[in-house]
Amino acid sequence: MKIVIQFSIIVLSVLLSACNSTPKATIDTSILNSKHQFNIQPVESYSEVFQLNNQIKAKLAQYFHNDEIGVKRAKMLMAFLVNSGDDSMSYLSGANLTANQAFSNMNANCLSLSILTHAIARQVGLRTQFQRVHIPEYWDESQGYSLLTGHVNIKIFEVDNTQDSVKTLYVKPASVTVDFDPNSRAQHFSTSAIDTNTILSMFYNNKGAMEMINGDLDMAYSYYKAAVESDPYHDGAWGNLGILYRLTQQYELAERAYNQALAINHDNRNALGNLAKLYHLTERDREAKVIEANIHNLRKSNPYYMLVLGNEAFKHGNLSRAKHFYQKAYQLDHSIHGSFFGLAKVAFEEGNREKAEYYLNKAYKASVFEHDKARYEGKLALLRGVASNQLNSTDNDER
C-alpha cells in the first residue's frame, strides 16, 4: 500500500502537544476498542526504553565517584556522553532509540538523547525533569514526507539522599538544562514540565509514524495504541492514529480520533488539517474549505509552512508555484537552509545547473547540523559530477 502523509506529526524531535491542552477532556477509549483492521504487535516496554543494561552501569560506576557532586558531576555526565562510543554524540532527527540503543549509537533525535541523559543521570544519583520546548510549527523532510516536529530537553538536579530533599546544582540558575538542538538553545523558547509517561508516549508515537511511512501498518497501529495508553492526553498521538485510520479507509474511526485530539487541544492545527482532508474524502468540501482557509491564515507567516507548500507544488511538477513558496519562505526568514535547497531543486529541473549549484552552496552555509551539511555536500558533488561528465561528452563529440 502506498502511503501519502501530508502535515503528519512525527516527533523527530518530539511531538507537539500544545501548551493549552485541556486535561479535563473526556477520553473516548472506544476508539481503540472498536473493531479495526490491524494485528497488534509487541512494542518496547517502559523498562526497555528507559533502563540501562549492566554493561553501561558498570562503565558508569568506573567513571563516577562519590566525591563528585553538584556542577562537577553534571559536567562529568555530559563529558561521559560525548566521549562514550566510537563516535561523538550527534543529533539525528529520524533516529528513535531506547536508552541502551542511543548509548551504543550516539546518533539519535533529541527525544532519544534526552531519554539516555535521564537514564544516566538517575543511575548516578541526579534528579531529572523532562521539558517540552514550545517551538513554532516546524516541518522537516523524511523519506519524501513533510513531517511536523516538536522538541524536548531535560533539566538535571542533584539529589541529597542524606537529607531526603532535593537541592539544585546552582543557586543561580536553579538547574542545568541539557538541550541537544543548537537552534533551541540559542532562541530561548518557553518550556513546560512533562513526565516520563508522556515521554514514553512520544517515543511510541515517533516509532509509529516511521512504521506508517515504511508501510508496516500493523506495527504503526501497535505503537499508536501504546502511545495513547501511556498518555491518553497526548493529542499528537490521537491525531496520528486518525491518519492511520484514514489511510486504511476506516473513515469513521479516523474522524473520531481527530476529534479526540481536538477535544484535548483545540489548537492542534495538524489534526484540523487532516480532518479537512477527511471531509474532502467524505464529500464535505464546504466544511473542509472553511478549516483549510483558517489554517492557512494562521500559518501564512510561518516560513516552514511555505516550504511545505513549495515541496508539495514541486512534487506535482508545478515549478513556478514551488519557486513562489520557496522565495516566500526566504522572505520570511533569510536563515533557513530549506528555502535555498528548494530553489536549487527548481533551478536544476529548469536546466540551470549553475544556479542550482549557487543555491546548494547557500543551503550548505545556512545549515547547522552535520547531517544536513553532509547531504548538501553530497548533492553538490553529484551536481558537479554531472556537469563534468557533460563537458567530457561535449569534448569527445567535438573531436
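Me: Where is serine 112 found?
Reply: Serine 112 sits in helix H6, residues 110–123. A helix here is a DSSP run of H or I with at least four residues; a strand is a run of E with at least two, and both are numbered from the N terminus. Residues are numbered from 1 along each chain as its sequence is written, and side-chain values use heavy atoms, leaving out hydrogens and water. The model is predicted, with local features needing pLDDT of at least 70 and side-chain atom pairs pLDDT 80 or more, while totals for chains, interfaces and linings use all residues.

Me: Why does serine 112 count as buried?
Reply: Its relative accessibility is 1%. Buried means under 20% relative accessible area, exposed means over 50%, and partly exposed lies in between (1.4 Å probe, protein chains only). Serine 112, at 1%, therefore counts as buried.

Me: Which residues is serine 112 in contact with, leaving aside neighbours within four places in sequence?
Reply: They are Ala95, Asn96, Leu97 and Ala102. Contact means heavy atoms within 4.5 Å.

Me: What is the span of helix H17 set against?
Reply: H17 (residues 353–366) has 14 residues. The expected span is 1.5 Å times one less than the number of residues. That gives 20 Å for H17, and the helix reaches 20 Å from its first C-alpha to its last.

Me: Which residues of H17 are buried?
Reply: Ala356, Tyr359, Leu360 and Ala363 are. They cover an arc of only 105° around the axis, so they lie on the same side of H17. The arc is taken from the directions from the helix axis to the C-beta atoms. The face turned away from that buried side carries exposed Glu354 and Lys365.

Me: How many residues of H10 are buried?
Reply: The count is 13 of the 13, so H10 is largely enclosed by the rest of the structure. H10 reaches 19 Å from its first C-alpha to its last, close to the 18 Å expected.

Me: How do you know whether glutamine 249 is buried or exposed?
Reply: Its relative accessible area is 52%. The cut-off for exposed is over 50%. Glutamine 249 is therefore exposed.

Me: What is the phi of glutamate 283?
Reply: It is positive, about 60°, and glutamate 283 is not a glycine. This residue is in the loop between H12 (269–281) and H13 (285–299). Its relative accessible area is 73%, so glutamate 283 is exposed.

Me: What makes a set of residues a nonpolar core?
Reply: The members are buried Ala, Val, Leu, Ile, Met, Phe, Trp, Tyr and Cys residues, joined through side-chain atoms within 4.5 Å. The largest such core has 76 residues, and Leu77, Leu116, Ile120, Ile199 and Tyr245 touch the most other members. Helix H9 (residues 217–230) gives the most to this core, with nine residues. A second, separate core has 26 residues, including Leu148 and Leu309.

Me: How many helices and strands are in the chain?
Reply: There are 18 helices and eight strands. Of the 399 residues, 50% count as buried.
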